[in-house]
Amino acid sequence: MTKVIDAIRLRNYFSANNCFTIDGLETFNKLVTYGTGRIVGIPNLKIFKGANGGVVARGLQMSFSFKHGTKKTFVEDVVFSFDENKKISNVAFGLGHIAENDILCRNAPGWKDETRELLMEFMENYKTAYCLKRFDYISDIFADDAVIIVGNVVRRNSVPLENRKHLVSDEGNERILYNRYTKDHYLANLRRTFARNEFINIRFTNNDVQWLEKYDKEELYAIQIGQEYNSSRYADKGYLFLLIDMTDHNAPQIRIRTWQPNEVDMTKVYNAGDFYND
């Protein structure tokens, strides 16, 4: 890690190439070109047990600045995962203390440390993939038949009459219109979003995780989490819901993804019961 930190400080990234696996180096190269990055403060590295028997280093904080168009700076905790050969196999942005504590300190009978580690790793990789525009990774983690629902705030008078049956919120002067996408349609939209934005950044806040233990042949987890989204062209806050199939620990799959804007009534935020209530 000392070699990697020195490479970042000196912007001599190639000098640390032999610290990484091929996949790890690819992600690291994307991260160091995410705006203008620099190390914040003095690294306080700590080593933890990671998912699937791996090792994780936490405690390196970096800022990433974007100076063209919409000027923004984001501060991220950078997480390094090591394989059995002590090579860095993955680099990710941390979830932030609130989201991390909600997962790691969750009072859930029957949960193993491995479960918490898997969920942490998955959500960190999910966040990082959108920030670093890792389109292929995102395509891989969505099931082919994934249910994808996106809500948008619209003004009451702007909603065409034929669409009003889809409205679920009627409070104030705003309504929320929901669209359901296939995986292919969602990914096509995402590819366009990646292309027209200089940067994308996602921050997670409080979350609630539910293990759907009654499905004994599958390992399913429902995550309801607050999300702050920033990009060079658009920003919003809302609620993200993911139904994740972790039956194969090496290849988790998103079966359901919904996003609802901050204006939604909290009684109408999606949860596992809206999809799995038999």
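A polar contact here is a pair of N or O atoms within 3.5 Å, where one must be able to donate a hydrogen and the other to accept it. I am working on a predicted model.

**Entry 1: S65**

I looked for such a contact at S65. Its side chain makes one with the side chain of T73, at 3.0 Å. S65 lies in strand 3. I then asked: is S65 buried or exposed? Its relative accessibility is 16%. The cut-off for buried is under 20%, so S65 counts as buried. I also listed what S65 touches, leaving out residues up to four places away in sequence: G35, T36, K72 and T73.

**Entry 2: helix 1**

Next I took helix 1, residues 2-10. I found V4, I5, A7 and I8 buried there. These residues cover an arc of only 160 degrees around the axis, so they sit on the same side of helix 1. I checked the face turned away from the buried side and found the exposed residues T2 and L10.

**Entry 3: helix 3**

I repeated the search on helix 3, residues 97-104. Its buried residues are A99, E100 and I103. Seen down the axis, they fall within an arc of 100 degrees, so they line one face of helix 3. Their cover includes strand 3 (55-66) and helix 4 (113-131). Strand 8 (200-211) and strand 9 (220-231) are also part of that cover.

**Entry 4: aromatic rings**

I turned to the rings. A pair is described by the distance of the centres and the angle of the planes. I counted 15 aromatic pairs. I picked out Y126 and Y130, whose ring centres are 4.9 Å apart. Their planes meet at 45 degrees, so I logged the pair as tilted. How far apart are Y126 and Y130 in helix 4? They are four residues apart, and therefore separated by about one helical turn. Both Y126 and Y130 are buried.

**Entry 5: a charge over a ring**

Last, I asked which ring the charged end of R191 sits over. It is the ring of F135, with the charged end 3.9 Å from the ring centre.

Definitions and conventions
Residues numbered from 1 in each chain as written. Predicted model: local features only at pLDDT ≥ 70, side-chain atom pairs only at ≥ 80, totals over all residues. Heavy atoms only, no water. Buried < 20%, exposed > 50% of the residue type's maximum accessible area, 1.4 Å probe, protein only. Helix = DSSP H or I, 4+ residues; strand = E, 2+ residues; numbered from the N terminus. Arc of directions from axis to C-beta. Contact = heavy atoms within 4.5 Å. Phe/Tyr/Trp six-rings, centres within 6.5 Å; stacked < 30°, edge-to-face > 60°. Lys NZ or Arg CZ within 6 Å of the ring centre and 35° of its normal.
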